[in-house]
Amino acid sequence: MSSGGGGGGGGSENGDGVGLSEAQRLKQEGNTAHHSGDYRHAVGCFSRALELHSSAGPTEKRAERAILLSNRSASYCLLGDYGRALDDAEAVLALRPEWAKGYSRKAAALQHLERYPEAIAAFRRGLELEPT
């Protein structure tokens, strides 16, 4: 599963005056750490980026927070912290209930938690949304 995601931040600032470009830098650093196997560092980067996005505008906030949470869920899963991976996946789905990747993250965490019927249901829902 890919942990990357779209969304640009440019040099805009959120309501606290903190540049969203710093959140984008942290997101990229987290993606790089994840892909190189440094999952703890990735979790830290995604967590800090999420803090910076806490006061971004509603539409941008939902999409970017969902991507960051999805990425962090993948890193938590690879660290073996399946409870936190599931928490993040459920937060993704609260923000973007029609995003198949959120169901994929949820299903992976549930599978590792040996909650197989729920994992199957999550995988199925994701496939309904994105069959290919």
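What percentage of the 132 residues in the protein do buried residues make up? Buried residues make up 42% of them, where buried means under 20% relative accessible area with a 1.4 Å probe, protein chains only.

**Figure 1. Overview of the predicted model.** The protein has six helices and zero strands, in the order α-α-α-α-α-α along the sequence. Helices (H or I, at least four residues) and strands (E, at least two) are DSSP runs numbered from the N terminus. Local features need pLDDT of at least 70, side-chain atom pairs count only at pLDDT 80 or more, and totals for chains, interfaces and linings use all residues. Residues are numbered from 1 along each chain as its sequence is written, and side-chain values use heavy atoms, without hydrogens or water.

Figure 2. Of the contacts (heavy atoms within 4.5 Å) with a separation of 6 or more, 53% are between residues 24 or more positions apart.

**Figure 3. Packing of helix α5 (residues 100-112) with helix α6 (residues 116-129).** The two helices pack at an angle of about 165°, with axes 8 Å apart; axes are lines fitted to C-alpha atoms over the stretch in contact, and angles run from 0 to 180 degrees between N-to-C directions. α5 and α6 are therefore roughly antiparallel, a term for angles over 145 degrees.

**Figure 4. Residues in the contact of α5 with α6.** Those from α5 include Y103 and L110, and those from α6 include F123 and L129. By class, the contact has 10 nonpolar, three polar and three charged residues. Ala, Val, Leu, Ile, Met, Phe, Trp, Tyr, Cys and Pro count as nonpolar, Asp, Glu, Lys and Arg as charged, and the others, Gly among them, as polar.

Notes:
Angles under 35 degrees count as roughly parallel, over 145 as roughly antiparallel, 65 to 115 as roughly perpendicular and the rest as oblique. Buried means under 20% relative accessible area, exposed over 50%, partly exposed in between (1.4 Å probe, protein chains only).
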